[in-house]
Amino acid sequence: MNEELIFKNSNDDFETTCSSIYFTKLKRLTEDYFNVSCIDLAKNLLGTILVRQLSDGTILKGKIVETECYLGSEDKASQSYNGKKTPRNEPMFMKPGTLYVYMTYGMYYCINISSQGEGAAVLLRSVEPLVGLDKMIENRCQYHVKRKRNFAGEKIPQSRISRRKFKPHELCNGPSKLCISFDINIENCNKKNVSDFSDLWLEERMDQINESNIISSTRIGIESAGTEWASKLLRFYIYENKNVSIKDRERELLRNPIRNK
DNA sequence: CTACGGATGCCCT
DNA sequence: GGGCATCCGTAGA
């Protein structure tokens, strides 16, 4: 549609297209935007732009392409199930638009945005990188440097770390990958309200997003909550977007049998 | 391509 | 002490 800009990375094989979003001043989402039901917010967030300003002034941008709902008291998979309120999940109960960042598996973060509804929040699962890909790669690489070993527990030689390459769609295709790429952690983002925070905010979408290109699917990694809640369609993603962490081919077929054959 | 196991630290019971 | 809204490398098809 609009003119496209080719982004080049220091790696030769690393390039991606980026729409004119890079140049456009988009409207920031204000508090009213977040004061809707969890499911509405999860769908509305698809296509909106996540913007992060790092302490050194670097701007990172990405389009939200995958979200999940955690409904609150009734939802067995939610940390706020049964009205459970703890120091950790308090942001889920704060006013809509509040960021809830928590640590999982001892080494990863996830970021949520609270919505209307007691204890309800939307998990941001995947983002399509648009601006600042170099910095995102650096953040992902540094994460490995910090660990000084790979995930098999072997030490990684420095030379190998610097050679590690990321394709654009591998940078933020998962809740914790996006937190690493965007340098989001508890200390710098938890409990802030996205409608009034200078380091992280959201901007209105330019894409046409509607029921025809949203896939509804089951949530990821919550099987232990039991089949009833694990099978509810509370995950939403943009159809045919490469940055989605896990695709649901069955649901895509149901939605669009002709296009998929 | 999918399946699987291990890392790792903190929260909550 | 159990479990976790994950990720990654390896093994095998």
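Biologist: With Ala, Val, Leu, Ile, Met, Phe, Trp, Tyr, Cys and Pro taken as nonpolar, Asp, Glu, Lys and Arg as charged, and the others, Gly among them, as polar, what does the surface near DNA strand B have by class?

Modeller: This is a predicted model, in which local features need pLDDT of at least 70 and side-chain atom pairs count only at pLDDT 80 or more, while totals for chains, interfaces and linings use all residues. Residues are numbered from 1 along each chain as its sequence is written, chains are lettered from A and ligands numbered from 1 in the order in which they are written, and side-chain values use heavy atoms, leaving out hydrogens and water. The surface near DNA strand B (a residue is near if one of its heavy atoms lies within 4 Å) has 3 nonpolar, 2 polar and 3 charged residues.

Biologist: Which residues are closest to DNA strand B?

Modeller: Of the 8 that surround DNA strand B, the closest are Thr-86, Arg-88, Tyr-105, Gly-106 and Met-107. A polar backbone atom of Tyr-105 lies 2.4 Å from a base oxygen of DNA strand B, and one of Gly-106 lies 3.0 Å from a sugar or linking oxygen.

Biologist: And DNA strand C, how many residues surround that?

Modeller: DNA strand C is surrounded by 22 residues, the closest being Tyr-102, Tyr-105, Tyr-108, Asn-112 and Arg-140, and they divide into 11 nonpolar, 7 polar and 4 charged.

Biologist: What is 2.4 Å from a phosphate oxygen there?

Modeller: That is an N or O atom in the side chain of Arg-140, whereas a polar side-chain atom of Arg-125 is 3.4 Å from a phosphate oxygen of DNA strand C.

Methods
A polar contact is a pair of N or O atoms within 3.5 Å; within protein, one must be able to donate a hydrogen and the other to accept it, and residues adjacent in sequence count only if both atoms are side-chain atoms. Ala, Val, Leu, Ile, Met, Phe, Trp, Tyr, Cys and Pro count as nonpolar, Asp, Glu, Lys and Arg as charged, and the others, Gly among them, as polar.
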